[in-house]
Amino acid sequence: MPTENSNIAAIEARLLTLSEEHRDLDHAINAMTNHAVPDELQLRRMKKRKLLLKDQISFLQRQLSPDILA
């Protein structure tokens, strides 16, 4: 049975992975927008993925520090 500490460690590891992917996507989006003719479809897909990652990161951060009043 997993302990609370192992759950926290797993969430923190997942947060790190998602944050890295989010940062990498941000760099890729910036690089793509600097092209003379960016691939609009690919750019939209990357932005959508970046928003999904942001939502997942926010969810996991709330798991680590839930509202006290909730």
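This is a predicted model: local features need pLDDT of at least 70, side-chain atom pairs count only at pLDDT 80 or more; totals for chains, interfaces and linings use all residues.
The crossing of helices H1 and H2 is left-handed, a term used when the near helix is turned anticlockwise from the far one by less than a right angle, with clockwise being right-handed. Helices here are DSSP runs of H or I with at least four residues, numbered from the N terminus.

Residues are numbered from 1 along each chain as its sequence is written, and side-chain values use heavy atoms, with hydrogens and water left out.

Let me return to the helix pair. The axes of H1 and H2 come within 9 Å and cross at roughly 155°; axes are lines fitted to C-alpha atoms, for helices over the stretch in contact, and angles run from 0 to 180 degrees between N-to-C directions. H1 and H2 are therefore roughly antiparallel to each other, the description applied to angles over 145 degrees.

Turning to H1 itself, this helix covers residues 4-33, 30 residues in total, and reaches 43 Å from its first C-alpha to its last. That is close to the expected 44 Å at 1.5 Å a residue, where the expected span is 1.5 Å times one less than the number of residues.

Which residues of H1 are buried? They are Ile11, Leu15, Leu18, Leu25, Ile29 and Met32, buried meaning under 20% relative accessible area, exposed over 50%, and partly exposed in between, with a 1.4 Å probe and protein chains only. These buried residues pack against helix H2, residues 40-64.

The largest nonpolar core has 11 residues, including Leu43, Met46, Leu53, Ile57 and Leu60. H1 and H2 each supply at least two residues of this core, and H1 gives the most, with 6 residues. A nonpolar core is a set of buried Ala, Val, Leu, Ile, Met, Phe, Trp, Tyr and Cys residues joined through side-chain atoms within 4.5 Å.

Met32 deserves a separate word. Leaving aside neighbours within four places in sequence, Met32 is in contact with Pro38, Asp39, Gln42, Leu43 and Met46, contact meaning heavy atoms within 4.5 Å. Arg44 and Met32 are 12 residues apart in sequence and 11 Å apart in space, C-alpha to C-alpha.

Arg44 lies in H2 and is exposed, with a relative accessible area of 55%. Thr17 lies in H1 and is partly exposed, at 41%.

Note on methods:
Angles under 35 degrees count as roughly parallel, over 145 as roughly antiparallel, 65 to 115 as roughly perpendicular and the rest as oblique.
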